[in-house]
Amino acid sequence: MASPGRGPARWGPALCWALALCCLCGAGPLWSGNHEWKKLILTQHWPPTVCKEVNSCRDSLDYWTIHGLWPDKAEECNRSWHFNLDEIKDLLQDMKIYWPDVIHPSSNRSQFWKHEWEKHGTCAAQVDALNSEKKYFGTSLDLYKQVNLNSVLLKFGIKPSINYYNISDFKDALTRVYGVVPKIQCLVPEKGEQVQTIGQIELCFTKEDLHLRNCTEPAEQQKSSRGAAVQGMMVCDDGPIFYPPPSKARH
């Protein structure tokens, strides 16, 4: 027969391990679920197309702006890490110019940044170079200025026009300058329209050292087709493309 107190003694080590595990789980960022990712996607969008897509905008800007810096295959990695505008007060001047909310007319437009931080920034923060709000938004601005998309397109004579381009005009220019394959997304034609409208350009970076890399690997090319989508922005088809001038340029 077991002696009194032997049962609790037997469970003692197990309880200690359980308590230790709880303590470890409570330390550090509260990452939730599986959030492994391999590359960062700097997504820039063309405001006139964004305005056309949502059919509600302030006066269109006449330059490409930041949509976000997105880890692939990861979203909302730490729901307890809330956005704090004070953390990026030193960046606000550039944020309002290069990362504006072109859709919502809020006074400081911070809801857009809040969304990008909580959905994408909390995942990018797994990398030391992006592990705070200031680093995440500051690095995004640095990458935007580094690739200088607006100037690159103008260098090749690609500017908003009522005449159509071919998607290859964009692909060839970007690949020639950056040395990597970007991903270009278009707004699919609405009823009565014949041509897709360019909307977003994605340039991808390595997770480890933030160097430009291909957005898609050769084996992934077949997965980039538009498929059965009938609305919204999807990977552009080969062929003609509309690069719409802003309805009211604002400098």
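Cys 77 and Cys 123 form a disulfide, with their sulfur atoms 2.0 Å apart; a disulfide is taken here as a pair of cysteine sulfur atoms within 2.5 Å. The model is predicted, so local features need pLDDT of at least 70 and side-chain atom pairs count only at pLDDT 80 or more, while totals for chains, interfaces and linings use all residues. Residues are numbered from 1 along each chain as its sequence is written, and side-chain values use heavy atoms, with hydrogens and water left out.

Helices (H or I, at least four residues) and strands (E, at least two) are DSSP runs, numbered from the N terminus. The torsion about the S-S bond of Cys 77 and Cys 123 is about 100 degrees, and the disulfide is therefore right-handed. Cys 77 is buried at a relative accessible area of 0%, and Cys 123 is likewise buried at 0%, where buried means under 20% relative accessible area, exposed over 50% and partly exposed in between (1.4 Å probe, protein chains only).

The structure holds three disulfides. A disulfide is a covalent bond between the sulfur atoms of two cysteines. Cys 186 is joined to Cys 236 with an S to S distance of 2.0 Å. The torsion about the S-S bond of Cys 186 and Cys 236 is about 95 degrees, so the disulfide is right-handed. Because Cys 186 lies in strand β4 (residues 183–187) and Cys 236 in the loop between β7 (233–235) and β8 (240–242), the pair ties together parts that are 50 residues apart in sequence. Both Cys 186 and Cys 236 are buried.

Cys 204 is joined to Cys 215, with an S to S distance of 2.1 Å. A torsion of about 105 degrees about the S-S bond makes the disulfide of Cys 204 and Cys 215 right-handed. Cys 204 lies in strand β5 (residues 196–206) and Cys 215 in the loop between β6 (212–213) and β7, so the pair ties together parts that are 11 residues apart in sequence. Both Cys 204 and Cys 215 are buried.

The UniProt record (unreviewed entry) places the feature "active site" at His 67, Glu 116 and His 120. These residues span 54 residues in sequence, yet no two of their C-alpha atoms are more than 11.2 Å apart, so they gather at one spot. UniProt positions are given in the numbering used here, feature names are shortened, and annotations may be inferred rather than shown by experiment.

His 67 is in strand β2 (residues 65–71). Not counting residues up to four places away in sequence, His 67 is in contact (heavy atoms within 4.5 Å) with Thr 43, Gln 44, His 45, Trp 99, Phe 112, Glu 116 and Gln 200. His 120 is in helix α4 (residues 110–124) and counts as buried at 6% relative accessibility. With neighbours within four places in sequence left aside, the contacts of His 120 are Leu 69, Trp 70, Pro 71, Glu 75, His 115 and Tyr 136.

The largest nonpolar core has 56 residues, and those with the most contacts inside it are Trp 113, Phe 137, Phe 170 and Tyr 243. Helix α5 (residues 133–147) gives the most to this core, with six residues. Such a core is a set of buried Ala, Val, Leu, Ile, Met, Phe, Trp, Tyr and Cys residues joined through side-chain atoms within 4.5 Å. Leaving aside neighbours within four places in sequence, Phe 137 is in contact with Phe 83, Ile 88, Leu 91, Met 95, Trp 99, Trp 113 and Trp 117.
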